[in-house]
Every structure is written in structure tokens, then in C-alpha cells.
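I opened this notebook to record what I looked up in one structure.

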Amino acid sequence: MGGSTRSPGPGAGAAGSRYQRLSQRMLDLSGDRGVLKDVIREGSGELVTPDASVLVKYSGYLEHMDKPFDSNCFRKTPRLMKLGEDITLWGMELGLLSMRRGEVARFLFKPTYAYGMLGCPPLIPPNTTVLFEIELLDFLDSAESDKFCVLSAEQQDQFPLQKVLKVAATEREFGNYLFRQNRFYDAKVRYKRALLLLHRRSAPAEEQLLVETAKLLVLLNLSFTYLKLERPTMALRYGEQALVIDQKNTKALFRCGQACLLMTEYQKARDFLVRAQKEQPFNHDINNELKKLASYYRDYLGKEKEMCHRMFAPGEHGSTVGEN
């Protein structure tokens with residue numbers, strides 16, 4: 001195929017253009033054949049919900065161009081995008097609402113559902129139909145969570161516990177996505193929102209275990225996030241809160257050990273890591289951290305010894321420092 005972006009005119013031949021031929025076997029999503037769909041690989045589960053945040057890989061093509069004019073497939077971890085805010089193409093939003101997790105589909109968007117009569121110079125010519133290949137990796141329904149979090153504590157208390165747990169879980173999942181994108185500050189904000197919801201909720205004894213289990217997951221995530229933010233004091237604080245819920249939790253013990261090591265509190269680091277090792281003797285990460293601790297401690301003792309030697313070493317005239 002050549003590099004021209006000029007679409008063939010009405011007299012381009014009986015068979016029509018490539019996109020015209022492709023469109024003949026595609027499903028009409030918009031009712032006016034403005035958004036057409038061809039499923040390449042079926043997905044599973046529920047359809048994407050309105051106001052959801054989606055994790056997608058996509059590439060957009062012009063009819064006579066081999067390379068995409070827009071793509072995020074080169075990214076190791078795609079960005080989480082919210083429908084109606086981050087996704088601006090009307091056709092793409094309609095297309096995503098027809099998809100399920102794991103689905104791969106090809107779409108044709110007429111100008112009305114894409115870049116309009118004016119196009120988007122210099123990449124997109126005026127009045128252009130574009131093709132997008134989209135893979136829906138996952139999505140999160142954030143509408144329910146967003147609405148709940150703006151309510152007052154008194155209003156939130158009117159809802160059943162399961163609602164609070166569901167919203168907290170959604171906030172934690174958002175945090176997990178942000179964490180995987182190395183957006184640690186943003187992840188921390190989401191985790192703290194989840195923790196606040198769980199802290200504010202009082203539950204009867206028979207349901208308290210559900211709240212504590214949900215808290216534990218968030219506290220572990222916060223501890224790890226603060227380690228990534230190089231704030232070991234806060235990492236230790238949240239790790240110790242996790243240990244109040246589960247004193248033998250290996251991840252909490254490990255995070256606390258890591259935090260103490262960064263704070264050069266070597267004895268405390270050793271205590272936490274040895275307790276973690278007792279729970280999981282063959283854990284590779286724990287054993288490596290203990291080796292790192294031993295190495296750091298040897299260096300520390302060596303520096304201490306050298307400093308003492310310098311302080312009390314004989315001077316030029318045979319006297320020691322501090323003698324009269």
C-alpha cells in the first residue's frame with residue numbers, strides 16, 4: 001500500500017475501497033452505520049458499564065496507511081482511562097460499551113463518530129473514516145464509588161456494610177492499577193480513601209472480620225507504596241497496623257523489616273525479618289533481605305570501628321586524642 005491518505009472517489013471501481021469491503025461484514029452499533037464492529041477474539045463477563053475506567057490497548061489506522069497514526073501498544077502498562085473524560089472519540093466510547101474483558105475487536109468510525117468534517121490536521125484529513133483495533137484488558141466501574149465517596153459519613157452509614165466493602169475494594173483496585181503504572185502518589189490517595197471508608201465503619205462482631213480483612217489488604221498496599229515513595233517511617237507505621245490485625249502476616253513483617261533497614265534500625269529490621277522467615281523459611285525475597293541486612297550491618301560496624309580507631313589512635317608525638 002502507498003503512503004497517500006487520499007480516499008478513492010465514487011468511481012474507484014465496483015468493489016469499492018478496502019474499508020467499504022470490510023464494512024459489509026461488520027455489525028452496526030450506532031444504527032446509522034457510523035460505528036461498525038468486527039469481533040476478532042471474544043471476551044467474557046459483563047459488558048463495560050457507562051462511566052467506567054478502562055484499560056485498553058489500541059491502534060488507529062487510516063485507510064491507505066500501513067502504520068497507525070495513533071497507538072498505545074508501545075507502552076508496557078497502558079494508562080487507565082475514564083469514559084467521557086479521557087476518551088474523546090464518540091465512536092470509541094460506543095465501541096467500548098459493546099465489549100467484554102479480554103475481547104479484541106476491529107471498528108470503523110465514520111467522521112461523525114471520529115474526527116468530524118474538519119479532521120485533525122496534519123494527521124487526519126477532513127471527512128475521514130478511521131479504523132481502530134482495540135483490546136479490552138480490564139475495566140472498573142467507578143461511578144458507584146465516586147458517588148459514594150462524596151457522601152457525608154452520616155449518609156454513608158445508611159448503606160449496608162456490603163456496599164462499603166464493595167466501594168473500598170474498587171478504590172483499592174484503582175490504587176493497584178496506579179501502582180502498576182508507577183504512579184505511587186496517586187495510588188496512595190486511592191488506598192487512603194479505601195482505608196478511611198473502612199475506619200469510619202463500625203460493624204457488629206459477626207461482620208467485623210470482613211472489615212478487618214479488607215483493612216489488612218489496604219494497609220499492606222499502603223506500606224509497600226510508602227516504601228516506593230522512599231518514606232520508610234510511614235511504611236513502618238502502616239505495616240505495624242497490619243500486624244495488629246494479623247501478627248503473623250508475612251508481607252507485613254517483611255515490609256516492616258524493609259522499612260527499618262532503610263531507617264538503619266538494624267536490630268528492629270532483623271527482628272521483623274527473622275519473624276517473617278519463621279513463617280516462610282524458603283521465601284527468596286526474605287532470605288535475600290536478611291543477607292542485605294547482614295552486609296549493611298558489617299559495613300556499619302566497620303565504619304564504627306574505623307571511627308573509634310581514628311579517635312583513639314596515637315598522635316604524631318605519641319599522645320592519644322583527649323590526653324592532657
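The entries below follow the order in which I looked things up.

**Basis of the entries.** I note that this is a predicted model, in which local features need pLDDT of at least 70, side-chain atom pairs count only at pLDDT 80 or more, and totals for chains, interfaces and linings use all residues. I number residues from 1 along each chain as its sequence is written, and side-chain values use heavy atoms, with hydrogens and water left out.

**Confidence.** I looked up pLDDT, the predictor's confidence in each residue, from 0 to 100. The protein averages 85, and 87% of the residues score at least 70. Residues 1-14 have a pLDDT below 50; beyond near neighbours in sequence, I found 15 contacts for this stretch (contact means heavy atoms within 4.5 Å).

**Helix α9.** I took helices as DSSP runs of H or I with at least four residues, numbered from the N terminus. Helix α9 covers residues 250-262. Is this helix enclosed or open? I recorded that 11 of its 13 residues are buried, so α9 is largely enclosed by the rest of the structure (buried means under 20% relative accessible area, with a 1.4 Å probe and protein chains only). Among the buried residues are Phe254, Arg255 and Leu261. At the start of α9, I found a side-chain oxygen of Asn249 within 3.1 Å of the backbone nitrogen of Lys251. Just after α9, Thr264 has a positive phi of about 60°.

**Helix α6.** I then turned to α6, which has 17 residues. Its buried residues include Phe184, Lys188 and Tyr191. I noted α5 and α7 among the elements that cover the buried residues of α6.

Note on methods:
Helix = DSSP H or I, 4+ residues; strand = E, 2+ residues; numbered from the N terminus. Expected span 1.5 Å × (residues − 1). Buried < 20%, exposed > 50% of the residue type's maximum accessible area, 1.4 Å probe, protein only. Polar contact = N/O pair within 3.5 Å; in protein donor to acceptor, adjacent residues only side chain to side chain.
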